[in-house]
Amino acid sequence: MKNQDEFYRKLKINLEETTTFPSKYMFKFIIPSDNAKSERIMEIFNNTGAVINTKPSKTGKYKSLTILVKMKNAEEIIIKYKEVTAIEGVISL
């Protein structure tokens, strides 16, 4: 957990130094080809105006989700990452 806290602390600093908010932000996730997991991620971004694109892997075992959404600040981005990565099997890029 400490490594995650450190990662999010550094991410917040980096975002605040390099981004003028509000700004569009691109999230990328890899998930098993499990519709329930995909739906849970879509629910997290529901009512945010997000544009969500999915692409299956060559073998069909996984799919990538690219989510483009306008975010108010760095903290809001980190909250979304934490919500999504709480879903088992999700890899954030």
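Visitor: What is the relative accessibility of arginine 9?
Guide: This is a predicted model, in which local features need pLDDT of at least 70 and side-chain atom pairs count only at pLDDT 80 or more, while totals for chains, interfaces and linings use all residues. Residues are numbered from 1 along each chain as its sequence is written, and side-chain values use heavy atoms, with hydrogens and water left out. Buried stands for under 20% relative accessible area, exposed for over 50%, and partly exposed for values in between (1.4 Å probe, protein chains only). Arginine 9 counts as partly exposed because its relative accessibility is 43%.

Visitor: Which residues are linked in a network of salt bridges?
Guide: Side chains of opposite charge can pair when their charged atoms come close. Glutamate 6 also meets lysine 10 in a salt bridge of 3.9 Å, N to O. Because glutamate 6 and lysine 10 are 4 residues apart in helix 1, about one helical turn separates them. The network is made up of Glu6, Arg9 and Lys10.

Visitor: How far apart are the end C-alpha atoms of helix 3?
Guide: The expected span is 1.5 Å times one less than the number of residues. Helix 3 (residues 74-85) has 12 residues, so it should span 16 Å. This agrees with the separation of its end C-alpha atoms, which is 17 Å.

Visitor: What arc do the buried residues of helix 3 cover around the axis?
Guide: Ala74, Ile77, Ile78, Lys80, Tyr81 and Val84 are the residues of helix 3 said to be buried. They lie on the same side of helix 3 because their arc, taken from the directions from the helix axis to the C-beta atoms, is only 160°.

Visitor: Which residues are exposed on the other side of helix 1?
Guide: In helix 1, Tyr8, Leu11 and Leu15 are buried. They line one face of the helix because they fall within an arc of 60° seen down the axis. On the other side, the exposed residues are Lys2, Asn3 and Glu17.

Visitor: Which residues are exposed on the other side of helix 2?
Guide: Lys37, Ser38, Ile41 and Ile44 are the buried residues of helix 2. Their arc is 115° down the axis, so they line one face of the helix. Exposed on the other side are Asn35 and Glu43.

Visitor: How far is the C-alpha atom of phenylalanine 45 from that of valine 69?
Guide: Phenylalanine 45 is in the loop between helix 2 (35-44) and strand 2. With a relative accessibility of 2%, phenylalanine 45 therefore counts as buried. Phenylalanine 45 and valine 69 are 24 residues apart along the chain, and their C-alpha atoms are separated by 8.4 Å.

Visitor: How far apart in space are threonine 18 and asparagine 46, C-alpha to C-alpha?
Guide: Threonine 18 belongs to helix 1 (residues 2-18) and counts as exposed because its relative accessibility is 58%. Threonine 18 and asparagine 46 are 28 residues apart in sequence, and in space the C-alpha separation is 26 Å.

Technical notes: Helix = DSSP H or I, 4+ residues; strand = E, 2+ residues; numbered from the N terminus. Salt bridge = Lys/Arg side-chain N within 4 Å of Asp/Glu carboxyl O.
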